[in-house]
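Welcome, and please open the model in your viewer with the cartoon showing. We will go from stop to stop, with something to select at each one.

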Amino acid sequence: MEGLCVKLFEASRKKYKMKRRKAAMGMVDSFEASHEGIKTVDIQKRCEFSGSSDLCIYFVTWNMNGKVPCEDIAKIVGEERKYDLLVMGLQEAPRNNILKLLKNTLAHTHMLLGKAVMQSLQLYVFGPKNSEQFTREVKVDKHEIGGLGWLIRRKKGAVGVRIRYKGIQMVFISCHLSAHARNVEERNNQFKHISNSLFSKNTNPYSRPAQLTVWLGDLNYRLQGINSYPARDLIHGNLHEMLTSKDQLLQEAERGEIFNGYCEGALAFKPTYKYDIGSSSYDTSHKVRVPSWTDRILFKIDSNKINATLHSYEAIESIRSSDHKPVKAHLCLKLTDIQTTDSQILLQNHHTD
């Protein structure tokens, strides 16, 4: 194992040094200049959903594997709920009425602002009580991926909610892409088709483009080039961050195939799939699957009037009812003085009445 760790570290260090050397000499080839890949952003620990930001959003993505203990939902949404928006993307959601369960759990603090559902693939956006005055232009869309997943209620594809909240135009996408390590190109194509098709029909040419786009879901990209037991040895030794060089999603983004210009927090948490249900032990079936970061949250800011800060990006390891661990992120937005929010307009109108 020690030899493997050294090899992984040396490979990562050589790659980093080469990029630094090219940058210093101005040797950036046309391919590198044509795409940005995924930018890994630092976690800023200070904000605890404080009033220093204009909008704080709590994101959760979870492949539920068709099961949902009520106590898990309560644990995921938390008790204090100081966030402005809760955006929850679900894959392989059970037949039970998840929305009813979420509404009951959040009844005292939050209300439903938007939802997009395609069988087991679901997306819900909640805001504070009486926040409908800040909510505009809520639209939903979906894109189905072919296959027989509907037979076992494991729908593949994406559902999206487009919403303008406090003057900020946002698009949230919950997706479930094709499984298996070998299907990298298939997942790449699915990402491209979803990106091009969602909200493309009957689009108002005068509507504002999204200032924030967030993908959350079971993207199903796996670790490549390492076997299951060496990967598990690194994870058990708390050296799992060394596995990021094997992550297909980051590799494909670096090639310019997917998620150009998106941001993601560092993968400091353990791979979220595949676990034995009811435990925190990785797959002990005969397949002995390689642990992977299948469940991700990525965001993109398309406005120079918004500063975004990521305050957490982690797995909820205490949830054991699925073979996936939920992943959560806490993103805060701060507007520059140039943009006037809907809430500021409402306040101004109140003073002039």
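How many bridges join S12 to S13, and do these strands run parallel or antiparallel? Select strand S12 (306-315) and strand S13 (327-335) in this predicted model and follow the pairing. You will find 9 bridges between S12 and S13, and the two strands run antiparallel.

**The whole sheet**

Now widen the selection to the sheet. Six strands make it up, in the order S4-S5-S3-S2-S13-S12; the sheet is open and its pairing is mixed. At its edges sit strand S4 (110-118) and S12, each of which pairs on one side only. Looking from strand to strand, neighbours in this sheet are turned against each other by 15 degrees on average, with direction ignored. As a reminder, strands of a sheet pair through backbone hydrogen bonds, either parallel or antiparallel.

**Two helices on the sheet**

Next, select helix H3, residues 70-77. H3 lies across strand S2 (55-63) and strand S3 (85-91), and runs at about 150 degrees to S2. Then move to helix H4, residues 98-106, which packs on the sheet and touches S3, S4 and strand S5 (121-128). The direction of H4 makes about 20 degrees with that of S5.

**Into the cavity**

Which residues line the largest cavity? Select Phe59, Val214, Cys263, Glu264, Gly265, Ile297, Phe299, Leu310, Tyr313, Ala329 and Leu331 and show their side chains. A search of the whole structure turns up 1 cavity of 30 Å³ or more, and the space in the largest cavity comes to about 60 Å³. Colour the lining by residue type: 9 residues are nonpolar, 1 is polar and 1 is charged. Now colour by strand instead. S10 (263-265), S11 (295-301), S12 and S13 each supply at least two lining residues, and S10 gives the most, with 3.

**Two backbone details**

Most residues other than glycine have a negative phi, and most peptide bonds are trans. With that in mind, zoom in on Gln119, in the loop between S4 and S5. Gln119 is not a glycine, yet its phi is positive, at about 55 degrees. Then go to the loop between S10 and S11, where Lys274 is found. The peptide bond from Tyr273 to Lys274 is cis, with omega near 0 degrees.

**Last stop: confidence**

Finally, colour by pLDDT. The protein chain averages 86, and 80% of the residues score at least 70. Select residues 11-33, where pLDDT is below 50; this stretch has 12 contacts in the model beyond near neighbours in sequence. Residues 343-353 also stay under 50, and the model has 7 contacts for them beyond four places in sequence.

Note on methods
Residues are numbered from 1 along each chain as its sequence is written. Side-chain values use heavy atoms; hydrogens and water are left out. On a 1 Å grid over the protein atoms alone, a cavity is a set of points where a 1.4 Å probe fits but cannot get out, and a pocket is an open set with protein on both sides within 12 Å along at least five of seven lines; lining residues have an atom within 4 Å of a point. Grid points are joined across faces, edges and corners, and a volume is the space filled by probe spheres set on the points. Helices (H or I, at least four residues) and strands (E, at least two) are DSSP runs, numbered from the N terminus. Ala, Val, Leu, Ile, Met, Phe, Trp, Tyr, Cys and Pro count as nonpolar, Asp, Glu, Lys and Arg as charged, and the others, Gly among them, as polar. Two strands pair if DSSP finds at least two bridges between them. Axes are lines fitted to C-alpha atoms, for helices over the stretch in contact, and angles run from 0 to 180 degrees between N-to-C directions. Contact means heavy atoms within 4.5 Å. pLDDT is the predictor's confidence in each residue, from 0 to 100.
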